[in-house]
Amino acid sequence: MAPSNGLKRVDVIFGAYASTKYLILQKSIRREKQEIIQDIIDSGLRGRGGAGFPTGLKWKFAAAQPGNEKYVICNADEGEPGTFKDREILMKVPQKMISGMAICAYVIGATKAFIYLRGEYQFMVPDLQKELDNFHEQAREMNFDLTIELRMGSGAYVCGEETALIESMEGKRGEPRNKPPFPVVEGFHGKPTVVNNVETFVNANMICRIGVEEFIKLGTQDSRGSKLFSISGDTPKAGVHELELGMKLSDFVAEFGDDDTKAVQVGGAAGFCVPRKKFDTTIIGFEGMPTGGSMMLFNSSRSMYHVLHNYLEFFEEESCGQCTPCRVGCQQLLLGIEAIKKQERPASYLNQLLKLSETMKIASKCGLGQSVANSFSSIVENYVEEMIY
Amino acid sequence: MKKQKINITIDGIKLAVDEQCSILDAAKKVNIHIPTLCHHEDLCVAGNCRICVVEVEGQRALSASCATPVAEGMVIKTNTAKVRKARKDVAALLVAEHNTQCTTCYRSMNCELQEIAAEYNVDNNTYISLVDPNYTIDRSSWSIEKDDSKCIRCQRCVRTCAELQHVNALTVANKGKEMKISTFLDLPLNEVVCTNCGQCINRCPTGALTERRFYDDLWDAIDDPKKHVVMNTAPSVRVALGEMLGFPVGTRVTGKMVTAMKKIGMDSVLDTDFAADLTIIEEGTELLGRLKKILVEGNKEIKLPMLTSCSPGWIKFIEHMYPNHLGHLSTCKSPQQMFGALAKTYYAEKMGIDPADVVSVAIMPCAAKKFEANRPEMNSSGYQDVDAGLTTRELGYMIRQAGVDFLHLEDSDYDSLMGESTGAGAIFGATGGVMEAALRTVYEVVTGREVPFDNLRIMPVRGTDGIKEASIKLENLLDEWKFLEGVEVKVAVAHGLKNARIIMDQVEAGTSPYHFIEVMACPGGCIGGGGQPIPTNEEIRKKRIEAIYAEDEGMPKRKSHENTEVQKLYKEWLGDVNGHKAHELLHTHYTKRNRY
């Protein structure tokens, strides 16, 4: 196991910034594109939405695609239960995100970008639009050609999946596409498209500001940089906290727990449940347990059956419904645990459901379908008794 | 530029395939069968049922073989424990979602889910049934029955309705557990833009979409000694029915079909081809009449191009989508409806039967014919002209039910009156056939000579291209038709409503260069109709088309105007072509409909 980094608070994402002038962008568009891409690759930055794809590579692929029509999309459809960190960025430091998007657009050769905003964040629109107006004015002064448009989501969880998001932007049903082709090759309207999370763009901007060397001082070998954590549940310190990646879960619980933490759900409803006995051996980061930032703490007063039941109710509604393993699987997992609880099916039926969760992980069409069974298998495996009795 | 080949390995077999080839198609090349459900050769890739998953070396998750293009060096395994378990689980999930009353399902033994579930030894009780015990079946349409309890959400019907037909009557609604195949505002099928073409039925892997069945009613009529049941069979039924009864695709079973129907107990077995010949006489004359009115009389009210009106799916399509252009349609009824109108007038009179006792039934390759038979205006005989339109599939089941050994049946001929036909009537069943039949007659009428094509084969209007064009110059005409001297008649043929839309957009824009256009709602024409045996694909449709043309060439007469029974009909009873009585019985009008 990689050595733990301990728990280190950081303050770079919301930290001081030369606000409205977009100086980082101004500096960056005078640099060689390849140089910026190499910086992002060297920084080890990985996507902050949860899947953790290397950001530099994504930009490199999109930049290498032929043609002039390319797009940058900021995924601000923050919908994972227990995740609320993008909201803070969007409200407090949208310039950093917009600057990151603009740098990406410069690097891949896009002149059009979009912010796909979660439907429930409608209230942010006036302020965001004001900032976009400011950006467009600054960009004009820099003679930099980029228009950024706001697009609203309509509340479907699956539209956080990048290809479903693109479908939704094209005015279609929000359903994930078959991959390949990936969006960097065929994205919005079939053109090369980079879709990154809000926080990823902020980090990219940060790398351009402080340089690779400073950035890689944060985090560990496999998990560079800091991360915003959305901390909720049985904790006296609920809220958004910026921490370095690579800490042990036990260090995390020592800081944020209520001395009675029974389990931590890492990565939201689609993430993994870690029981107390594994706190000490679980690293939060790409070398261990990756997370889009959601950390839900549960103390011993909580029934893990109810926790799981709640997640499954969410998923059986939020599956897009197109592929069999996810559409039918989610319903079966929910009905299955209910039937066992009511003794309509024997306890051994849990084994069938665990097999089903394996099928869902390998046979579903998109990342959503493949990850919804994570919470199921990790909760059931660790809390069998609570499922049955 | 030479196409790049991609080297891959499937189950240990090395092969090189084209770029963009799917794993599924690559596997087919080396005779490896991968089960599919949402995949259909006629439709775009969906990749949503996940039954076709395979293992690709180096990847954690399985890949849907229908939706995954090959990549250089890819190593694929289609028969591993991981693959088999996942497929079995996917099948079990679909079974849980599906109403497994297979014993009473119309598609039993012709159901793709049933086959896969058996192949993978799926236990009906693996998962908890998701079928709503209070489910209802939409039987609002005359043509199509929609049973959501049997739907497996593969979306083949949705893709058919959108891609092949450009109708979009069926669509996906809701998400998650509520996701279903629905209509605009979830309205019943008879209230939406559905054209009743039934192409969705042909591509439904289960019994979720079927035609409304009326063969029990037909049995009642047969069993009633007072009733005189007159049956007529459409041209394309005889080249497809065999598929349901043990013959290979493309077998012509005309004589056996007639014998079987006689054995079943029909009072008279007649041929829709007779009415097809009659249609050519009426419609060809109508076309010449339109040309005359425009060229000689300068009548600006007359619409060209004239559009054929045989295909009821097409008729409903134009009524919904182009309601302001109905004047282009020929006023001729379809052969089914001409036949029906005559069955209860001319036929009844000549046979000395009270028309009230005549039950007129059409065996059709079509789902839309059921709706057509029940159009309120189709009662010019004083009764409902056609009592029922049955599909090829329904007839197949009746023959099986009657215990007739179809494979070993002797041939017999159609009865008379209205049983004679020509090769021109037969080719109505294939795309381009109506056009070819019309040209054979019209050209000869105005020139006194046969069409200038080898053995009457008008090749430019044959084949499976979506839109076909031809032109034929009219020269050295008979005196009566001199006003057409030198005119180059331009025609087009479209099949599949997607192509009909292209044709109609030209008409709407005023840029259509044609005089006469044949449109059939279904891909391939009637041989690919919504009432034909399932499955369907390009290869099957081509074989049926070949059989149709063979039928034509085997006929002693191949031009509609040579049909002696048709000649006799005009001479003894109907009077003039396009005359008063003909108009009353053989022509119709159309209805403007809404766009949703």
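## A guided look at chains A and B

Visitor: What makes up the contact between chain A and chain B?

Guide: Chain A gives 30 residues and chain B gives 27 residues. On the side of chain A that touches chain B, the elements giving two or more residues are α10 (304-318), α11 (324-341) and α12 (349-363). The largest share, 10 residues, comes from α11(A). Two residues count as being in contact if their C-beta atoms, placed from the backbone, lie within 7 Å. Helices (H or I, at least four residues) and strands (E, at least two) are DSSP runs, numbered from the N terminus.

Visitor: What is this model, and how are its parts labelled?

Guide: This is a predicted model, in which local features need pLDDT of at least 70 and side-chain atom pairs count only at pLDDT 80 or more, while totals for chains, interfaces and linings use all residues. Residues are numbered from 1 along each chain as its sequence is written, with chains lettered from A and ligands numbered from 1 in the order in which they are written.

Visitor: How do you know how confident the predictor is in chain B?

Guide: We look at pLDDT, the predictor's confidence in each residue, from 0 to 100. For chain B the mean is 97, and 100% of its residues reach 70 or more. The model also scores ipTM 0.95 and pTM 0.95.

Visitor: How do you know whether chain B agrees with a compact globule?

Guide: We compare its radius of gyration, taken over C-alpha atoms, with the globule rule of 2.2 Å times the number of residues to the power 0.38. With 596 residues the rule gives a value near 25 Å, and chain B has 25 Å, so the two agree. Its C-alpha trace spans about 80 × 65 × 50 Å along the principal axes, and its secondary structure comes to 18 helices and 17 strands.

Visitor: Why is M504(B) called buried?

Guide: A residue is buried if 20 or more other C-beta atoms lie within 10 Å of its own, exposed if 12 or fewer, and partly exposed in between, with C-beta atoms placed from the backbone. M504(B) has 23 such atoms, so it is buried. This residue lies in helix α15 (residues 497-509) of chain B. Leaving out residues up to four places away in sequence, M504(B) touches I318(B), M321(B), Y322(B) and H325(B).

Visitor: What makes helix α12 of chain B largely enclosed?

Guide: Seven of the 10 residues in this helix (residues 392-401) are buried, so the rest of the structure largely encloses it. Among them are T392(B), L395(B) and I399(B). The cover over the buried residues of α12(B) includes α6 (215-223), α7 (254-264), β13 (358-364) and β14 (388-391) of chain B. Just after α12(B), G403(B) takes a positive phi of about 75°.

Visitor: What makes a set of residues a nonpolar core, and which members touch the most others in the largest one?

Guide: A nonpolar core is a set of buried Ala, Val, Leu, Ile, Met, Phe, Trp, Tyr and Cys residues joined through C-beta atoms within 7 Å. The largest here has 290 residues, and V72(A), M101(A), C104(A), A105(A), I108(A) and A113(A) touch the most other members. Helix α5 (residues 94-108) of chain A gives the most to this core, with 10 residues. Not counting residues up to four places away in sequence, A105(A) touches V72(A), A110(A), T111(A), A113(A) and L146(A).
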